[in-house]
Amino acid sequence: MSFTLAIVGRPNVGKSTLFNRLVGKRLALVDDQPGVTRDLREGAARLGDLKFTIIDTAGLEMATDESLQGRMRMLTERAVEMADACLFLIDARAGVLPADEIFADILRKKNAQVILAANKAEGKAGEAGLMEAYSLGLGEPLGLSAEHGEGMADLAYVLRPMIDLAEKEHVDYIPEVDIDLTDTDEEHDEDEVVEYIPPTPSKPLQIAVVGRPNAGKSTLINKIIGEERLLTGPEAGITRDAISVMTDWSGTPMRIFDTAGMRKKAKIQDKLEKLSVSDGLRAVKFAEVVVVLLDVDIPFEQQDLRIADLAEREGRAVVLAVNKWDLEGDKQDKLKQLKEQFGRLLPQLRGAPLITVSALTGRGLERLHDAILEAHQVWNRRVSTSALNRWLVGMLEQHPPPAPQGKRIKLRYMTQVKARPPGFVVMASHPDLLPASYSRYLVNGLREDFDMPGTPIRLFMRSQNEDNPFKGRKKAPPSKLRKHIDGRKK
């Protein structure tokens, strides 16, 4: 592992702002009100030539019970124990508060390397608080401004010997997570079928778990990774940030994104909830497989259908998981009812796996793991051009395309142009006149005959006339020198 630095401190001292500054992206949600961050968010930080892992934590509260604030504090204390060093932030403009003194004693006992920094120290307003920070007994404080980037050189000077020592003890690799999912195929021969490449630690399988609030997304991920890594509880809407977790699930390297619950757009009024939903949508775009988690008590509500349709429109492999299956009494009738609703309400995901799980007991997780791998393999599938054209001849004989306005539509040639998701192009004589129902007929045939259930399939109709380089080119106008040339000939 690489050197890990945890940012801790009271709420609203600028921890998430400093986190975004060090990772170079606006990953963590930032707002003026305190208590925005609740979970632990990890990121790859870079400070000059230094590279390390940084953890953004929830603001330390005085609560120690089983309340939401108490559970947030337990997660933060756990991050302190995991990290190689801690960056203890205080507010230079507010000065040292009694809570800062209590938390300084806790950090002194839990972690040997504590770096004290006074944030918001720009200008004269923060000078008094910077001097007051000496009273905490954690050494010389650093004056920082996360918003304006001041004091980063001093922070790099303090971190350099710690990171050099950690690099001597550990050999680290950086997983490749920002993968372009639009079209990762290299050029291949038309009849060459590319073998499926399983996920590796350098390129883990990226999964996003999405659903309505209180469906059990964080509990499911905690059960998969085998530890209480994400904040959970009976309250709805606990998760705010889209948190990614690296794990090895049954021998498969995966990066799982936990997202905030998505409610109906008309019900979202709070600014933080809007930011949380947009962060979850961003996680869907980064994912390869999207697990839509449903509540067994109220499955396939309108919002569930919208979320599943969003994943399909984004071109991601979709797996539907029904949670809280341990609470269901009549399982056989319920399963039959779920399959009927799935086929009727989500025809665009025909054949996608429907898995029943219990995030609390762990039942059904192996079936979910196998369904995710199968969906990912189908999502990466390629079909040879010769097999596609033989299949197209059979489909045309079985059901020829219509002839609107007496114009016969000829489908001459078909090939696969991309995977992730599978995309096909058909060369046709009049593609603009081909009805959408015939395109659906071809797509459903591709699903059944080439074993591609549930994955989004893109089918494009293209006219062969578009290949004519002279199509639409106007005739060249007469030369302005013609009158001079004609005059000389006379």
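User: In this predicted model, how are Y438 and Y441 placed in helix α12?

Analyst: Helix α12 spans residues 436–449, and the two tyrosines are three residues apart in it, so about one helical turn separates them.

User: How should I read the geometry of such a pair?

Analyst: A pair of aromatic rings is described by two values, the distance of the centres and the angle of the planes. For Y438 and Y441 the centres are 5.2 Å apart and the planes stand at 50 degrees, so this pair is tilted. Y438 is buried, at a relative accessible area of 2%.

User: How many aromatic pairs are there by this rule?

Analyst: There are four. One of them, F300 with F342, is stacked, with 6.2 Å centre to centre and 15 degrees between the planes. This pair joins distant parts of the chain, 42 residues apart: F300 lies in the loop between β10 (289–295) and α8 (302–313), F342 in helix α9 (residues 331–345). Both F300 and F342 are buried.

User: What about nonpolar cores?

Analyst: In soluble globular proteins, nonpolar side chains tend to be buried together. The largest nonpolar core here has 31 residues, and F88, I90, L116 and L136 touch the most other members. At least two residues each come from β1 (4–9), α2 (68–82), β4 (85–91), α3 (98–110) and β5 (114–119). The largest share, five residues, is supplied by α2.

User: Which residues does F88 touch, leaving out those up to four places away in sequence?

Analyst: Its contacts include V8, F103, L107, L116, L136 and L138. A second, separate core has 30 residues, among them F3, L5, L87 and A146.

Key
Residues are numbered from 1 along each chain as its sequence is written. This is a predicted model: local features need pLDDT of at least 70, side-chain atom pairs count only at pLDDT 80 or more; totals for chains, interfaces and linings use all residues. Side-chain values use heavy atoms; hydrogens and water are left out. A nonpolar core is a set of buried Ala, Val, Leu, Ile, Met, Phe, Trp, Tyr and Cys residues joined through side-chain atoms within 4.5 Å. Buried means under 20% relative accessible area, exposed over 50%, partly exposed in between (1.4 Å probe, protein chains only). Helices (H or I, at least four residues) and strands (E, at least two) are DSSP runs, numbered from the N terminus. Contact means heavy atoms within 4.5 Å. Rings of Phe, Tyr and Trp (its six-membered ring) pair if their centres lie within 6.5 Å; planes under 30 degrees apart count as stacked, over 60 as edge-to-face and the rest as tilted.
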